[in-house]
Amino acid sequence: MDSFRKIDIDQYDEDVLQDSELYDADPRDPAEVLEDARQRAGAVRGLLARNDIAGALTIILDNAPYGPNVDEAKNLTLTTLLTILNTTKSTEITGVIKSLPLDAQDTLMKYLYKGMAMPGWGDISGSVLLGWHEKLTEVAGVGCIVRTMTDRRIV
Amino acid sequence: MPQIFTLSQTPVTCHSFSADRSQIAVSLNNNDAQILSRQGNEWVSTVTLSEHDKLITSIDWAPNSNRIVTCSQDRNAYVWQEQPDPETGRLVWKPTLVLLRINRAATNVRWSPKEDKFAVASGARAIAICSFDPENNWWVSKLLKKPIRSTVLSVDWHPNNVLLAAGSADMKARVFSAYIKEVDERPAPTVWGSKLPFNTICGEYTSPAGGWVHTVGFSPSGDVLAFASHDSSINIVYPGGPVVYNIRMSSLPLVSLTWTSEDTIVAAGHDCRPLVFSGSEAGWQEAGTLDDASGKSPDSRSGFGGSSVGRLKAGAFATFRDADSRGQSSSGSAATDTKLSTIHQNTITTVRPYEYRGSNITRVSTSGVDGMLVIWDVNAVSALSSRLGAAHLR
């Protein structure tokens with residue numbers, strides 16, 4: 001009865017609005033993005049060994065992979081980010097967030113939501129993600145959440 | 001002190017004042033436009049303009065020619081003119097249909113500064129530029145189409161009567177030429193360009209984090225463009241560079257703005273209070289808000305702001321928790337929690353100039369989903385830190 005709802009009506013529209021028209025594509029090649037993500041994961045490990053949380057977050061959140069065909073780089077970045085989040089003491093979180101530039105705060109919020117959306121992740125890292133979410137919202141406000149929802153450059 | 005009026009229990013979709021500010025045309029979220037007259041501290045409905053069959057989305061009252069234009073989701077626009085009735089001789093508002101030639105809802109309408117044209121934004125990925133055709137005694141339209149990719153949500157005219165800014169749901173604000181040969185003289189060159197045939201694109205600017213562009217506005221000189229988008233940011237564009245200043249807000253998105261002078265903007269939206277932005281070509285920042293709570297006691301704004309756990313736990317969360325654990329329905333303290341600490345109790349949908357002094361605006365009017373009309377003094381700016389907005393988590 002509801003099968004008509006599954007019909008892709010856009011295929012009959014010659015002038016349909018494509019996702020790619022709604023944001024500027026990443027100029028980098030997917031292989032290059034992946035290589036970049038790997039290097040950053042290495043750099044983050046080094047910084048974490050020296051307990052430089054803010055530095056590690058800045059590196060991983062800068063120029064984060066987005067768009068199609070870079071799923072591997074996206075997942076690698078998410079797992080690396082989660083390592084950082086997990087190793088941060090809860091008393092340090094607010095200070096670290098305040099030291100981040102606005103762009104990095106917005107990107108961090110995107111990853112927190114991505115992490116919460118991963119099937120099964122809620123059991124493992126749900127409380128960590130929620131803790132960061134609460135503190136990030138205190139600093140950057142609900143505007144930061146709004147930007148996560150509107151931004152088509154999905155991480 | 002802001003003047004506060006409750007116009008209705010329904011949302012006020014849009015409002016527009018007559019030139020002497022003694023009357024206001026509003027859409028109360030239905031298909032009739034109401035003209036209200038001010039009697040003391042009340043607004044009393046005097047005339048109903050009934051012609052549309054669907055929700056009226058926008059109204060503009062031309063100050064010099066005293067004509068009202070309304071546009072609606074029924075894809076039509078009407079120009080209303082006050083004329084003597086042939087039988088009784090009384091003045092009545094007579095509608096003239098406009099041939100818009102659009103196949104989706106009309107969303108926004110504005111008279112040009114000279115009041116010889118108006119622009120109708122629409123969901124048909126087009127803007128209709130309408131001018132009067134005296135031979136046939138109706139308004140004809142010419143469509144701005146390229147390169148619009150989605151619904152146009154707002155339009156604003158440049159003071160030269162030719163350039164038009166438009167904000168659209170394809171995340172872009174654009175500046176078009178709406179030059180109509182039959183109506184306009186050749187415009188002088190501006191910072192936006194010198195050769196301006198119809199549908200010239202003089203500028204195209206993307207909202208940085210990809211939000212629908214809700215509102216656009218030219219500065220009084222027309223040399224600067226501001227637009228606010230659904231990514232909770234406002235952008236100010238100097239076309240020469242082009243230099244674009246982006247201000248990210250920690251609060252909810254703005255949906256309407258108006259310039260009050262060459263260096264200040266008043267904007268409002270889902271955060272329920274008007275914000276003031278100020279700056280120059282060297283940079284822009286949030287200056288504060290017009291909604292100062294000093295007249296209210298701290299107790300009356302309980303719920304959010306005061307406690308560190310924030311509004312969610314204090315407001316709706318507490319209501320459900322009490323209902324669940326103690327079987328309490330919302331009453332007593334929970335009822336006061338539903339009152340926002342701002343004057344407007346819901347989204348502000350329109351901000352418009354109310355009073356001019358020279359080229360500057362000294363007072364603005366706002367109306368919103370809560371059915372209220374508020375007139376604010378734009379110089380009464382209070383700092384944001386002293387005051388929490390409706391939707392601030394703290």
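How much accessible surface does chain A have, and what share of it belongs to carbon and sulfur atoms? The total comes to about 8,800 Å², and 53% of that belongs to carbon and sulfur atoms. These areas come from the Shrake-Rupley method with a 1.4 Å probe; for residues, only the protein chains shown count as cover.

Before I go on, some ground rules. This is a predicted model, where local features need pLDDT of at least 70, side-chain atom pairs count only at pLDDT 80 or more, and totals for chains, interfaces and linings use all residues. Residues are numbered from 1 along each chain as its sequence is written, chains are lettered from A and ligands numbered from 1 in the order in which they are written, and side-chain values use heavy atoms, with hydrogens and water left out.

Let's stay with chain A. Its secondary structure is six helices and zero strands. Along the sequence, the pattern reads α-α-α-α-α-α. Helices here are DSSP runs of H or I with at least four residues, strands are runs of E with at least two, and both are numbered from the N terminus. The C-alpha trace spans about 55 × 35 × 30 Å along its principal axes.

Now burial. Chain A has 155 residues, and 45% of them count as buried. Buried means under 20% relative accessible area, exposed means over 50%, and partly exposed is in between, with a 1.4 Å probe and protein chains only.

Next, contacts, meaning heavy atoms within 4.5 Å. Take the contacts in chain A with a separation of 6 or more. Residues 24 or more positions apart account for 75% of these contacts in chain A.

And charge. Chain A has 16 positive and 25 negative charges, and their mean positions are 8 Å apart. Lys and Arg count as positive, Asp and Glu as negative, while His and the chain ends are not counted. Each charge is placed at NZ of Lys, CZ of Arg, CG of Asp or CD of Glu.

Start with Glu72(A). It sits in helix H3, residues 71–87. Is Glu72(A) buried or exposed? Glu72(A) counts as exposed because its relative accessible area is 52%. Leaving out residues up to four places away in sequence, Glu72(A) touches Leu34(A) and Arg38(A). Val33(A) is 39 residues from Glu72(A) along the chain, and their C-alpha atoms are separated by 9.4 Å.

Then Arg147(A). This one belongs to helix H6, residues 121–150. Arg147(A) counts as buried because its relative accessible area is 5%. What does Arg147(A) touch, not counting residues up to four places away in sequence? In chain A, Asp106(A); in chain B, Ala209(B), Asp231(B), Ser232(B), Arg248(B) and Met249(B). A polar atom of the Arg147(A) side chain lies 3.2 Å from the backbone oxygen of Met249(B).

That takes us across to chain B. Here the secondary structure comes to two helices and 28 strands. Chain B has 394 residues, with 54% counted as buried. It exposes about 16,800 Å², and carbon and sulfur atoms supply 49% of that. For contacts in chain B with a separation of 6 or more, residues 24 or more positions apart account for 50%.

How is chain B divided into domains? Domain 1 covers 3–295 + 344–377, and domain 2 covers 297–340. Those bounds come from an automatic or database domain assignment. The C-alpha centres of the two domains lie 37 Å apart.

One residue inside a strand: Ser131(B). Its strand is E12, residues 127–133. Ser131(B) counts as buried because its relative accessibility is 8%. Among the residues it touches are Trp138(B), Trp139(B) and Ile180(B).

Last, backbone geometry. Most residues other than glycine have a negative phi, and most peptide bonds are trans. A cis peptide bond joins Lys146(B) and Pro147(B), with omega about -10°. Pro147(B) is in the loop between strands E13 (138–144) and E14 (152–157). Another cis bond joins Gly241(B) and Pro242(B), with omega about -5°. Pro242(B) is in the loop between strands E20 (233–238) and E21 (243–248).

Now phi. Arg101(B) is not a glycine, yet its phi is positive, about 60°. Find it in the loop between strands E9 (91–99) and E10 (106–111). Arg101(B) counts as exposed, at 55% relative accessibility. Arg125(B), also not a glycine, has a positive phi of about 55°. Its loop runs between strand E11 (117–122) and E12.

Technical notes:
A polar contact is a pair of N or O atoms within 3.5 Å; within protein, one must be able to donate a hydrogen and the other to accept it, and residues adjacent in sequence count only if both atoms are side-chain atoms.
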